[in-house]
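Morning, everyone. I'd like to take you through one model today. Please have a look at it before I start.

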Amino acid sequence: MLLSRVADRLYWAARYIERAEDTARLVRAHGELMADLPAHVTTRWEPLVTVVGSDAQFERSLDGHRSQSRSQSQSRSQSQSQSQSQSQSQSHGGGSTQLPADPRLGEGTEMAVASFLVSDRSNANSVISCVIAARENLRTTRDTVPRDGWRTLNDLYLYVSTEADRGRDRRVRERFLNRVIADSRKLDGVLATAMTHDEAYVMWRLGRALERANMTTRVLGVRAAEVLSAPHAVIGSNGGGVVIDDGADELDGAHGEIQWMGVLRSVQGLQMYSRAVRGPIEGPSVVRFLLEHDRFPRAVRALLREIRRALAELPDPGVPLDAVDHVEAVLRESASSSTDGAALDDAMDSLQVAIATLDRRITDRYLQVGP
Amino acid sequence: MTETRAARSPWDEMRDADGVPRPASEAVLGVIDRLGVEELHARQATAAADILTMGITFTVYSDGTGIDRAWPFDVIPRVIEAGEWARIERGLVQRLHALNQFIDDVYNDRRIVADGVFPADLLDDSVNYRVECQGVHPKFGVWAHISGSDLVRDSDGTMYVLEDNLRVPSGVSYVMENRAVAKRAFPEVFARQTIAPVDAYTDELNKLLASLAPEGVTNPSIAVLTPGIFNSAYFEHAFLAQRMGATLVEGGDLAVQDDDRVYMRTIDGLEPVDVIYRRIDDLFLDPEVFNPESQLGVPGLMRAWKAGKVGIANAPGAGVADDKVVYAWVPDMIRYYLGEEPLMPNVPTYRCQYDDERRFVLDNLRELVLKPANESGGYGILIGNRATDAQLAAQVESIEGDPRNWVAQPILDLSTAPTLIGDAIEPRHVDLRPFILTGETSYVTAGGLTRVALPKGSLVVNSSQGGGSKDTWIVDLGAQWEDY
């Protein structure tokens, strides 16, 4: 017996803690990517904001910070086009003295984006907001969840509440993100091993899997599409990343492999990809791996399998299962988009729409506390 | 490790007038002496950290917003010898028997009124009397299944019942949590002594609730009805549901159907509920009968209860006997219904509705505690010798404006217990709230919740107003129960 209200809160507790974990992993992987790229190459942080779907809010949060600094007053899309044109002019100028902006600009952006994604309480999708929301949801289902599970999440909540603001420094931030990821994994472990695998647990699994699938499509739609769209993205075209040409393209071309490693790391997929593919890290095959693999737990197809299995344990799952069929159909259509950035972006948008429909079907069927 | 003593010494729970540890406290005081304040501090800090990560909280309201605070806990336990406790237990069981017979009587035959023992106008004026409950016969004739009486000890060592909380008394979860924390703080004492365990409560509660199921229901479905996360006792509601394997529900989760049965809304449709342990006030229970604005309750719940289709604890209307005025009659009730003398004394209580008693109260305001009849949580209480002239003047006005709503009692010199305050161990005033279960049989918690007023000299123990808590140990020394 599972109350609809409790089902709703478990489902959302799972979604929020998964979102916190995934966002933490995304920021961590990006920080790592930065470390791998040569110092004079500026990697953009703003796309991360797009991944978590908080662009408009990020603009608003920046407006406050930027009012004193003219050079940083552009909106994201403006600064994006600006940095591209600047890179082009830079390729002619050559020297670092000609860098269009304060060399700390990259760092400043990193700081702004990282704080926004990690510790900004006004951003509903920040790591801290998601941990708080997950706890609020689990707090009201304490009678259903094993005590250790609640304790793990409450501990994490206490930790992020006191530590989040200290995460401006990169090393401190990394420790913070590691803790969020580890505790989210621990929570899953506690529930998997200490909670009866009844309908309540199924709602938890469902929330986890749906959020995770959503995040993988977002990473692909923004980060992967961006790397694919870069002029020299196809590794072969510049000699497998060995030849480094002097200019703007070096970021996206020569470091393509590193960029793809970054994409894989954002979904904890690097090692399993290497194991599955046993070849060079190539864009299209990374995209296929993250979409099509039916056993890698963050690949969309594998997640749909998990969602299907979970639904099968709930009463009368007909309508939500139809919605899963639909997501799978959209997934099949997206197969052809693995080489073209713009097409991939569009395909991922369609996939997200289909996942949102699935979420609505689950809500209508199980979570609505009707009259 | 010295304790300062006030000029007129209140009773110390752990040491006698000469400062010698009472027999049951000897072991723990010995350990505390050996540990020293620094180690005691370390254990207090560990306990505080435990409380924080276990998420043991209560909610305080200030400016309309609720703040979740960690439960305040003093690491030094309060000790009561088992022989004394056995007598208190018997007194409480007796008291609840009489109170339940009284409630059943006033909603049915009103024998006590007919026999001239209890004044009829008190019922008609009582804000807690529910005409909607007239003629109802709950199982076993019991209305107040779960009660939490407040006990205080005066300077001569007498333990009094200060009030009977018969509506939705809270705090029992903290009894169990305090024990869990104390066991970690003083493992050496628990290993050496016989300290009565407190964990059985939820099991006893579960059995009691199951016994309230409608006739013919064998494996009853039990729900704990909470007003929700914003209630100050939400933690407790979740705790009890969790311990009993009951379902924690909010009003919106329940519906009464045309068959007069109560159902929960589940992912698989409506599922029946047989017993409800409600933690919301009478007036919010059923918008069809009581407050029509209530979002917390369940339309039709009273109908289902009256039809015998659902058991409700505590029964609606039980609060009629939980009234600081009705309190004054409890000793008479015990004599009237049970033909026994009260085993636990009442604090002498002056009722302002009677001219002579009111005159006495108004003439002796500074020596009395003034209590509004129908407030809980320590709100509205005025302690005469600590009030300003303006407060006293306002008090006179309140009493004259609504004498029925006021009673007065002598200012008791509440007993103290050693408490860790900063770097010292100092005496602080305490009370005790044991929990009593009444159904076909009775059960009393081993000890209860000791609340401690942390500010020096304060008598207000409510956690909403700066009170802390202690674990309460019933220590069995294995001898002479009757000559304590």
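Let's start inside chain B. Strand 12 of chain B, residues 275–278, runs parallel to strand 13 of chain B, and 3 bridges join the two. Keep in mind that this is a predicted model.

Chain B has another open sheet to show you. This one has 3 strands, ordered 9-10-11, and the pairing is antiparallel. At its edges are strand 9 (254–256) and strand 11 (269–273) of chain B, each pairing on one side only. Strand 9 of chain B pairs with strand 10 of chain B, residues 262–266, over 3 antiparallel bridges. Within that pairing, Val256(B) has Val262(B) as its bridge partner.

On to the interface. How many residues does each chain bring to the contact? Chain A gives 28 residues and chain B gives 27. About 2,400 Å² is buried between the two chains, and carbon and sulfur atoms give 49% of that. Three residues deserve a mention: Arg142(A), Asp143(A) and Arg147(A). Together they supply 26% of the area that chain A buries against chain B, more than any other three residues.

What about charges and polar pairs? There are 4 salt bridges across the interface of chain A and chain B. One of them links the side chains of Arg5(A) and Asp253(B), at 2.5 Å from N to O. Polar contacts between the chains come to 11 residue pairs, both partners at pLDDT 80 or more.

Which elements of chain A give two or more residues to the side that touches chain B? They are helix 1 (4–36), helix 6 (127–139), helix 7 (147–163) and helix 15 (341–367) of chain A. Helix 7 of chain A gives the most, with 6 residues. By class, that side of chain A has 12 nonpolar, 5 polar and 11 charged residues.

Conventions: Residues numbered from 1 in each chain as written. Chains lettered and ligands numbered in written order. Predicted model: local features only at pLDDT ≥ 70, side-chain atom pairs only at ≥ 80, totals over all residues. Heavy atoms only, no water. Contact = heavy atoms within 4.5 Å. Buried area = accessible area lost by both parts, 1.4 Å probe. Polar contact = N/O pair within 3.5 Å; in protein donor to acceptor, adjacent residues only side chain to side chain. Helix = DSSP H or I, 4+ residues; strand = E, 2+ residues; numbered from the N terminus. Nonpolar A, V, L, I, M, F, W, Y, C, P; charged D, E, K, R; others polar. Pairing = 2+ DSSP bridges.
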